[in-house]
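Me: Can you walk me through this one? I'd like to go piece by piece.

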Amino acid sequence: MRKQRTFADRLRARMPAAVVAAAGWVLRILPRRLSDAIGVDAGHFSPAEVPPPPVVPSAPVRLYIAPVNFAGQGYEWARAAERVDGVGAIDMQYTIKGSFGFPTDNLVPVNVFLHSREWQRRQFQTVSAGFSHVVIEAERSIFGGLYHGNVEREVAALRDAGVAVAMLSHGSDLRLPSRHRTIDRWSPFHEQSWELVPVLEAQARRNFALLRRIGAPVFVSTPDLLLDYPEASWLPLALDPSAWKTANEPLRRSVPVVVHAPSSAVVKGTHLIDSALRRMDAKGRISYHRIEGVPATEIPALYRDADIVLEQFRIGTYSRAAVEGMAAGRIVVAHVHDQVREHVVSATGRQLPVVQATPDTLEQVLADILCRRDYYRSIARDGVEFVAEVHDGRASAAALRPFLLTANRASTRGSTQP
């Protein structure tokens, strides 16, 4: 008798060898049907690993955000949503070993997420019956294999139960490489040797079409993604500024500490800036620290002890690392497109206090920082104020409010039971 393949077996069969080889990074960017299977065993898990369903908030409006919590943002957006009167919120994250340890309300082992029909059914029952609103992150399935990973069916089932649904894009799930190449000479999508480029192109096109078909409100975590989905709303990244606060001003040392913590070296442009930074380090002008694989709990102390935080130099936006650096009162340097800066001014009334640099200007920019320390310390102070106003959760709550105060009016009930 032919052995029946499991859900994970079917996923692995669709995956190119290059994707499997890049497992660690792929898990953070690829669609769930590809990435969940990487590094996952044959579906083994113990009953003790199956978590109970989340506790449904008692508030009139009950928000569920799932399933990835990239950079801890699902959790932070849940806290931001709770700033809206009458809202309680829970985030869920499926996880594998080696995750960075960001806080989450409902942590689910990936094997349970993929293979436990008991968990899948209980989770769907709890969410569909207990929550009034759901935000689906990165166009990924939120109930594992219950609907065979089909996000459209999940959305239909939630709507049938009277739940309002919104979609949320984090970045590589929607950013179209062929578009990005046309606007930025530094785009990582120019890299012909990067085997994931065609995968990401297909993914972005597929997700764009999915969002169109679903027709739900769409949020994006960074303003550059508005070029990929113009109808979307910017949902600012959020964090607790008090966790990053320090009284130590930057650039008080003769040799400043410069840190760079790339989540993906190819996307952040690490190989394009590394030689210049090491050259400046060798000359004793800076003390360069490249940080990788550090748990999230250790990053605040590392940033507070630095003078300059280098973010990314290829994508043209600013991500959580830049927000963290500003919150810590550091001078943040990155390559940020004019479109992003202009949208920030339009939406917030504030200039983005991130120092502009590209791989070919970074050394010159750092030299200027060393020469004009008082000026750049003032930019660092602006960064603290910017985060306190734009990224402490209040602006995120304002972005979510219209969705949270709108009930689902598309319920048809009864046709999409698992």
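**Starting at helix α5**

Reply: Let's begin with the buried residues of α5. They are Q73, G74, E76, W77, A78, A80 and A81. Keep in mind that this is a predicted model.

Me: How many of the residues of helix α5 are buried, and what does that say about the helix?

Reply: Seven of the nine, counting residues 73–81. So α5 is largely enclosed by the rest of the structure.

Me: How many bridges join β4 to β5?

Reply: Five, and the two strands run parallel. In that pairing, E137 stands opposite L168 in β5.

Me: Where is N69, and what is its phi?

Reply: N69 is in the loop between β1 and α5 too. Its phi is near 55 degrees, a positive value in a residue other than glycine.

Me: Is N69 buried or exposed?

Reply: N69 is buried, with a relative accessible area of 2%. The cut-off for buried is under 20%, so N69 qualifies.

Me: What about H148? What is its phi?

Reply: H148 has a positive phi of about 60 degrees, and it is not a glycine. Look for H148 in the loop between β4 and α8 (151–160). H148 counts as exposed, at 53% relative accessibility.

Me: New topic. What is the order of the five strands in the other open sheet?

Reply: It goes β9-β8-β10-β11-β12, and the pairing is parallel. The edge strands are β9 (287–290) and β12 (355–356), and each pairs on one side only.

Me: How many bridges are there between β8 and β9?

Reply: Four, in the parallel sense, with β8 covering residues 257–260. H260 has R290 in β9 as its bridge partner.

Me: Which strands does helix α12 lie across?

Reply: β8, β9 and β10 (308–310). The helix covers residues 270–282 and runs at about 150 degrees to β9.

Me: Where does P295 lie?

Reply: In the loop between β9 and α13 (299–304). P295 is partly exposed, with a relative accessible area of 34%. The C-alpha atoms of P295 and F102 are separated by 8.2 Å, although these residues are 193 apart along the chain.

Me: Now the rings. How many aromatic pairs are there in the whole structure?

Reply: Eleven. One of them is Y375 with Y376, an edge-to-face pair. The centres are 4.9 Å apart and the planes make 80 degrees.

Me: Of those two, which is buried and which is partly exposed?

Reply: Y376 counts as buried, at 6% relative accessibility. Y375 is partly exposed, with a relative accessible area of 42%.

Me: What sits over the ring of Y375?

Reply: The charged end of R372, 4.5 Å from the ring centre. Likewise, the charged end of R185 sits over the ring of W186, 4.1 Å from its centre.

Me: Which residues do ring pairs link into a cluster?

Reply: Y94, F113 and W119.

Me: Last one: how many helices and strands does the chain have?

Reply: There are 18 helices and twelve strands. The chain has 418 residues, and 57% of them count as buried.

Methods. Residues are numbered from 1 along each chain as its sequence is written. This is a predicted model: local features need pLDDT of at least 70, side-chain atom pairs count only at pLDDT 80 or more; totals for chains, interfaces and linings use all residues. Side-chain values use heavy atoms; hydrogens and water are left out. Buried means under 20% relative accessible area, exposed over 50%, partly exposed in between (1.4 Å probe, protein chains only). Rings of Phe, Tyr and Trp (its six-membered ring) pair if their centres lie within 6.5 Å; planes under 30 degrees apart count as stacked, over 60 as edge-to-face and the rest as tilted. A charge sits over a ring if NZ of Lys or CZ of Arg is within 6 Å of the ring centre and within 35 degrees of the ring normal. Two strands pair if DSSP finds at least two bridges between them. Contact means heavy atoms within 4.5 Å. Axes are lines fitted to C-alpha atoms, for helices over the stretch in contact, and angles run from 0 to 180 degrees between N-to-C directions.
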